[in-house]
Amino acid sequence: MKSTVVTVTLNPALDKTVTVPALEVGGLNRVRQVRIDPGGKGINVAKVLHGFDVDVLATGLIAGGYGERLLAQLDRQGVPHSFVRVPGETRTNLKVYSESDQVTTEINENGFDVQPQSVLEFLNVLEELLSEASYLVLAGSLPKGVSSDIYGQLVELANSKGVRTILDADGDALKKGLEARPYAVKPNLFELQQLTGQGVETLDEIISAGQTLLARGLSLVVVSMGGDGAVFLNKEETYQVKPFPITPQSTVGAGDSMVAALVHGLVTGKSLPELAEWATTAGTVTASKRGTQVCTAEEVQNEVHRVTAKKLVPKA
Ligand SMILES: Nc1ncnc2c1ncn2[C@@H]1O[C@H](COP(=O)(O)OP(=O)(O)O)[C@@H](O)[C@H]1O
Ligand SMILES: O=P(O)(O)OC[C@H]1O[C@](O)(COP(=O)(O)O)[C@@H](O)[C@@H]1O
């Protein structure tokens, strides 16, 4: 099967979201609601893009009974996928939503161990999928046994085939992936600070860190800042977008929805300010939904008028 966008999730997860009245660390917390959703960054991007009517396919590694359950949920949602099955079990990531302060606490497992043979099998699958793709999304943490330079390798593979890559990772995987020059990257503030090894806090510091990434050969940098919105930079322009007010129900998947809307904007040829408004709205709508449920195209279309991309003039 050939798709315009291929998303890679090497460490997928079943996201189990529990709602408690007010999270008490060290105390007894009784759960009011539970829901289980397919999760993992590339998988969430594929969920959103499928809802946006973009021709997308999710690939990566998957294991065990939880993995089969996750794939069955993707099937029910109609999201096309082609995962390589590996020994072991897919992780469950626990998300605790505290109603009193509307804060989500995430407890993510490490995931399965991967043997070199499975990585080779995956590379063969991906190579085939990339033959007619235009965009490759590389997102999320890496399971044990997968080298931290895998994203770098995959970016090189995509570059050699003229496929644009969007990278959303953290730590070493992000650092090494960037060395291969992806088309775009979407760090959150914490990931950007990890990357630069410095306190990036003010708007000027964020813009300057983004410009450093552009100077290294990237074409688009998006720095997301949770409830404070995001900054979007290409070589010509910089925009900031603030979200509209919501009652957060679970911010899980907000970053992935932003990445998906970026890809959608690129596929449909949106300008940077339009793309920035769409992506911010997508993240914000997802943050207002329970569990790892994601925004729909209709919701984003209805709400996008509530945000404005403000052009920033970087200091000389
Ligand atoms: N509490 C919130 N209120 C409004 N919008 C939010 C909130 N949290 C996230 N968002 C939206 O989702 C986008 C991505 O969220 P962020 O938390 O920065 O990403 P990540 O999940 O990758 O850390 C933000 O730029 C914003 O548009
Ligand atoms: O691979 P990681 O970094 O552990 O992240 C996986 C988790 O991130 C998510 O993809 C959500 O990511 P975002 O909140 O950044 O959009 C969850 O579905 C999943 O449990």
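Helix 1 passes helix 8 in a right-handed crossing, where right-handed means that the near helix is turned clockwise from the far one, and left-handed that it is turned anticlockwise by less than a right angle. This is a predicted model, in which local features need pLDDT of at least 70 and side-chain atom pairs count only at pLDDT 80 or more, while totals for chains, interfaces and linings use all residues. Residues are numbered from 1 along each chain as its sequence is written, and chains are lettered from A and ligands numbered from 1 in the order in which they are written. Helices (H or I, at least four residues) and strands (E, at least two) are DSSP runs, numbered from the N terminus.

**Helix packing**

- Helix 1 and helix 8 pack at an angle of about 50°, with their axes 8 Å apart, the axes being lines fitted to C-alpha atoms over the stretch in contact and the angles running from 0 to 180 degrees between N-to-C directions.
- That angle makes helix 1 oblique to helix 8, since angles under 35 degrees count as roughly parallel, over 145 as roughly antiparallel, 65 to 115 as roughly perpendicular and the rest as oblique.
- From helix 1 the contact draws on Lys41, Asn44, Val45, Val48 and Leu49, and from helix 8 on Asp256, Ser257, Val259, Ala260, Val263 and His264, where contact means C-beta atoms, placed from the backbone, within 7 Å.
- The residues of this contact of helix 1 with helix 8 comprise six nonpolar, three polar and two charged, with Ala, Val, Leu, Ile, Met, Phe, Trp, Tyr, Cys and Pro taken as nonpolar, Asp, Glu, Lys and Arg as charged, and the others, Gly among them, as polar.
- Helix 4 (residues 150–160) and helix 5 (residues 171–179) pack at about 30° with axes 7 Å apart, and are therefore roughly parallel to each other.
- In the contact between these two helices, Tyr151, Gly152 and Val155 of helix 4 meet Ala173, Lys176, Gly177 and Glu179 of helix 5.

**Ligand surroundings**

- Around ligand 1 there are 18 residues, of which Ser224, Gly227, Ala254, Gly255 and Gly283 come nearest; a residue is near a molecule if its C-beta atom, placed from the backbone, lies within 6 Å of it.
- Helix 9 provides the largest share of the shell around ligand 1, with four residues, and the shell divides into eight nonpolar, ten polar and no charged residues.
- Ligand 2 is surrounded by 17 residues, the closest being Gly39, Gly140, Ser141, Gly255 and Asp256.
- Helix 8 gives the most to the shell around ligand 2, namely three residues, and by class that shell has three nonpolar, eleven polar and three charged residues.

**Individual residues**

- Glu106 lies in strand 7 (residues 103–107) and is partly exposed, with 13 other C-beta atoms within 10 Å; a residue is buried with 20 or more such atoms, exposed with 12 or fewer, and partly exposed in between, the C-beta atoms being placed from the backbone.
- Leaving aside residues up to four places away in sequence, Glu106 touches Asn93, Lys95 and Val252.
- Asp53, in the loop between helix 1 and strand 4 (56–63), has a positive phi of about 70° although it is not a glycine, and counts as exposed with 9 C-beta neighbours inside 10 Å.
- Arg181, in the loop between helix 5 and strand 10 (184–185), likewise has a positive phi, near 65°, and counts as partly exposed with 18 C-beta neighbours inside 10 Å.
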